[in-house]
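Student: Please take me on a close look at the charge pairing in this one. I'd like to know who pairs with whom, and what the surroundings are like.

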Amino acid sequence: SSPAADPAKAQAVALDKLLADSGDSRASVINAVGNVKGCRNLDGAASDLRAAAKQRGELVNRLAGLSVDKLPDHAALTTALTKAWQASAAADNHYAAWADQAAGRKGCKKGQARVTGQTQAGNRDSGTASTEKARAAPRWEAIAGDDGATARAPSPPAAGRGGGPSAP
């Protein structure tokens, strides 16, 4: 049936597009965190991380405005996605602050950024994001299988981090 004839399918297609957009900044975030760890391009890394945090905030706003009431288990799915993107945004902002700290006096030692409270907070929030994405994934898989939308699995955590900015 066409999306116009099937409201659940139309909602699944709209949510699928949002999920596709959610993966756009993943590579940028992974590279930025790697640059911070290695004390490289710290200003650029901080800028990339703040841009990713902004994008994740926009995803939360777009999700809030999306009609998904015809989808199965939609409340649990949208709650998990909202929490995941909020935690990812918080992690990105903590990692950006870590980049700022690394750029400061004694922020790097032997080519490595010192671990700070911002690093630890970023790792914690990134882990929360991964947990919430894992909660969202099976709910989305059930919808994707029924409506022919793109199947998505949570991405593994970014290398060396407690969790990663990933799309379900």
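Tutor: Searching the whole structure turns up eight salt bridges; that term means a side-chain nitrogen of Lys or Arg within 4 Å of a carboxyl oxygen of Asp or Glu. The idea behind them is simple: side chains of opposite charge can pair when their charged atoms come close.

Before we zoom in, a word on what you're looking at. This is a predicted model, where local features need pLDDT of at least 70 and side-chain atom pairs count only at pLDDT 80 or more, while totals for chains, interfaces and linings use all residues. Residues are numbered from 1 along each chain as its sequence is written, and side-chain values use heavy atoms, with hydrogens and water left out.

Let's start with D21 and R62. They form a salt bridge whose closest N and O atoms are 2.8 Å apart. This pair links distant parts of the chain, since D21 is in helix 1, R62 is in helix 3 (residues 42-64), and 41 residues separate them. Helices here are DSSP runs of H or I with at least four residues, strands are runs of E with at least two, and both are numbered from the N terminus. D21 counts as buried at 16% relative accessibility, whereas R62 is partly exposed at 39%. The cut-offs are: buried under 20% relative accessible area, exposed over 50%, partly exposed in between, with a 1.4 Å probe and protein chains only.

Q11 is buried because its relative accessibility is 9%. Who sits around Q11? Leaving aside neighbours within four places in sequence, Q11 is in contact (heavy atoms within 4.5 Å) with S67, V68, D69, K70 and L71.

Next comes R56 with D92, a salt bridge at 2.6 Å from N to O. R56 lies in helix 3 and D92 in helix 4 (residues 74-103), so the pair ties together parts that are 36 residues apart in sequence. Is this pair buried or exposed? R56 is buried at 1% relative accessibility, and D92 is buried at 1% too.

Then there's E58 with K54, whose side chains meet in a salt bridge at 3.9 Å, N to O. They are four residues apart in helix 3, which means about one helical turn separates them. E58 is partly exposed at 38%, and K54 is exposed at 57%.

Helix 3 also contains A51, which is partly exposed with a relative accessible area of 46%. A51 and N93 are 42 residues apart in sequence, and their C-alpha atoms are 9.2 Å apart in space.

Now for the loops on either side of helix 3. N41 lies between helix 2 (26-37) and helix 3, and its phi is near 45°, a positive value in a residue other than glycine. D73 is in the loop between helix 3 and helix 4, and its phi is positive as well, near 55°. Why point this out? Because most residues other than glycine have a negative phi. N41 counts as exposed at 52%, while D73 is partly exposed at 45%.

R105, K106, K109, K110 and R114 form a patch of positive charge on the surface. Patch members have over 30% relative accessible area and no salt bridge, and like charges are joined within 9 Å. Lys and Arg count as positive, and the place of a charge is taken as NZ of Lys or CZ of Arg. One member, R114, lies in the loop between strand 2 (112-113) and helix 5 (117-147); R114 is partly exposed at 38%.

Finally, let's step back. The chain has five helices and two strands, running α-α-α-α-β-β-α along the sequence. Of its 168 residues, 46% count as buried. The accessible surface comes to about 7,800 Å², with 52% of it belonging to carbon and sulfur atoms; such areas come from the Shrake-Rupley method with a 1.4 Å probe. Among the chain's contacts with a separation of 6 or more, 72% are between residues 24 or more positions apart.

How values were computed:
Patch = residues over 30% accessible without salt bridge, like charges linked within 9 Å, V, L, I, M, F, W, Y side chains within 5 Å.
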